[in-house]
Amino acid sequence: MTQQITADLVANVWKVLVSEGTVVAAGDTLAILESMKMEIPVHADGAGTVTRLAVAEGDVLDEGDLIAEID
Amino acid sequence: MIRSLLVANRGEIARRVIRTAGRLGIRTVAVHSPHDAQLPFVREADEAVALAGNTPAESYGNADAVLAAARATGVEAVHPGYGFLSENADFAHRVLAAGLTWVGPSPEVIALMGDKRNARDQAVAVGVPVAPGTSEPLADEGAAVQAARTVGYPLMVKAAAGGGGMGMAVARDEVELRAQYRAVVAFASRLFGDPGVLLERYYHRARHIEVQILGGADGEVLALGERNCSVQRRHQKLVEESPSPALDAALRTRMLTAAVTLGRAVGYRGAGTVECLVHGPPGQQDFVFLEMNTRLQVEHPVTEAVFGVDLVEEQLRAASGLAPTPGLGSRTPVGHAIEFRVNAEDPVRFLPGPGRVTRWREPVGEGIRVDAGYAEGDTVTPAYDSLMAKLVVHAGTRAEALAVAAGALAEFVVVGPRSTLPFHQDLLGRSEFARGTYDTGIVTQMRAGDPRR
């Protein structure tokens, strides 16, 4: 099953910690967003492989924008 | 006393510094980013200088631009507020080198006490207790296991390059330590490009209690009580109160004495805060030094309320070469004060929620103070921190202060940005907050099992 990880808020992409093909466990940090001087980690909901990475460091995200897909 | 002042900050703290300076007849200059041109602090200053960009690096964090504004307006002094350039020793040095007065401790003291490891060594040198821990990054997992025998469990595995609560994990025994050591090294390498890891004793159910100190130009250092700042999310404060309900008289005396000892040892001048962790069950409580903040704190108004002092005025006095207000050192706190931070964040997960303020109504009444950075029609942007306003209540007893807070929170209206006001109302309903027995776990406990989370 594919998990779609999306942004919960308007934010900048500060750090991307995975790439396509990275194997992740549930709870692993995929990326860190930044807004209002707060760093907001984005976690994997479940285990799998990152099949699509839709963001790069410095991108500006709207609420609901896709960050990654995990299979 | 100085006669003119540039405030190198924004929002509520710039406005608050300008208010005191204006009362003292000091000419004020604000600097502001294009985003902030309409905010109250810009209007309320005698003069305003527009800075070039909106990011912190282009505006309030830009030492060159701030110094240029100070020269262009011919001010005598610079007040840095908190954040931005306030704990930047190099900036303080440049202000002094330009022949201006720096409202804060000397650049040498900022460099000494602003660095966590230096400050910890200084505390140890004057006999102030610190948490057991490693002072240098560990060589490998085996070294971590070895060091943990001295530090003791439970302990915190921390990325040496970390900050803001990231790259930290608790280990309760050797098995957990080995797993967390590997996890934190991997995380820190990817995030900070620095795999260095430190260990520090972890205190479960601790309280974050800090001491306000004030160093006069005469070399005297006073302690103005403590603040309990244990209501935190992601290691950042949401609510602060003074006096702390979770401190017995003997421990309070020891903490205030330790803070003054540390301040005297480094020649501290101006307002500063000695942050500590208080741990242990009632009757067996003890404290360790955490770090020092060499500037005015966000939560300084609770100290002002109970001591009847204006800390910005005291900062300006110290910077002007004057001793503290006579008699300040012998004052004792009167009543109880609590501060609630009204942040542009959702009240459940505390995610940023900036936006345009379409409605803003502040509570008014006896024992109520609001320090706000915004007014109706202003826009809270994602470029800066989320603090919109601070609600401070003061009454004769803690119970009365809680009652004033309940009324004031109900009257406070913010429409547009998200706000933490509903969180504070939930907090007042929690029995451990009402009793004053809460610790730094309270926000997590409040949100445990909350389906909205």
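Figure 1. About 1,600 Å² of area is buried between chain A and chain B, and carbon and sulfur atoms give 67% of that. Buried area here is the accessible area (1.4 Å probe) that two parts lose on being put together, summed over both. Met36(A), Lys37(A) and Met38(A) supply 43% of what chain A buries against chain B, more than any other three residues. This is a predicted model, where local features need pLDDT of at least 70 and side-chain atom pairs count only at pLDDT 80 or more, while totals for chains, interfaces and linings use all residues. Residues are numbered from 1 along each chain as its sequence is written, chains are lettered from A and ligands numbered from 1 in the order in which they are written, and side-chain values use heavy atoms, leaving out hydrogens and water.

**Figure 2. Who does the touching across the interface?** Chain A brings 14 residues to the contact and chain B brings 22 residues, with contact meaning heavy atoms within 4.5 Å. The rule finds 2 salt bridges between the two chains; a salt bridge is a side-chain nitrogen of Lys or Arg within 4 Å of a carboxyl oxygen of Asp or Glu. Glu63(A) and Arg418(B) make a salt bridge through their side chains, at 3.9 Å from N to O. On the chain A side, strand S2 (11-16), strand S4 (29-35) and strand S5 (38-43) each supply at least two of the residues that touch chain B. Strands (E, at least two residues) and helices (H or I, at least four) are DSSP runs, numbered from the N terminus.

**Figure 3. Tyr60(B) and Tyr384(B) pair up edge-to-face.** Their ring centres are 5.7 Å apart, with 75° between the planes. Rings of Phe, Tyr and Trp (its six-membered ring) pair if their centres lie within 6.5 Å; planes under 30 degrees apart are stacked, over 60 edge-to-face and the rest tilted. Tyr60(B) is in the loop between strand S3 (47-50) and helix H3 (63-73), and Tyr384(B) in the loop between strand S18 (379-380) and strand S19 (387-395), so the pair ties together parts of chain B that are 324 residues apart in sequence. Both tyrosines, Tyr60(B) and Tyr384(B), are buried, meaning under 20% relative accessible area, with exposed being over 50% and partly exposed in between (1.4 Å probe, protein chains only).

**Figure 4. A tilted pair, Phe433(B) and Tyr438(B).** The ring centres of Phe433(B) and Tyr438(B) are 5.0 Å apart and the planes meet at 40°, so this pair counts as tilted. Phe433(B) is buried at 0% relative accessibility, and Tyr438(B) is buried with a relative accessible area of 2%. The charged end of Arg398(B) sits over the Phe433(B) ring, 5.2 Å from its centre.

**Figure 5. Helix H11 of chain B is mostly covered.** How many of the residues in helix H11 (residues 311-319) are buried? The count is 9 of its 9 residues, including Glu313(B), Glu314(B) and Arg317(B). Asp310(B) caps the N-terminal end of H11(B), with a side-chain oxygen 3.0 Å from the backbone nitrogen of Val312(B). Just after H11(B), Gly321(B) has a positive phi of about 85°.

Methods
A charge sits over a ring if NZ of Lys or CZ of Arg is within 6 Å of the ring centre and within 35 degrees of the ring normal. A polar contact is a pair of N or O atoms within 3.5 Å; within protein, one must be able to donate a hydrogen and the other to accept it, and residues adjacent in sequence count only if both atoms are side-chain atoms.
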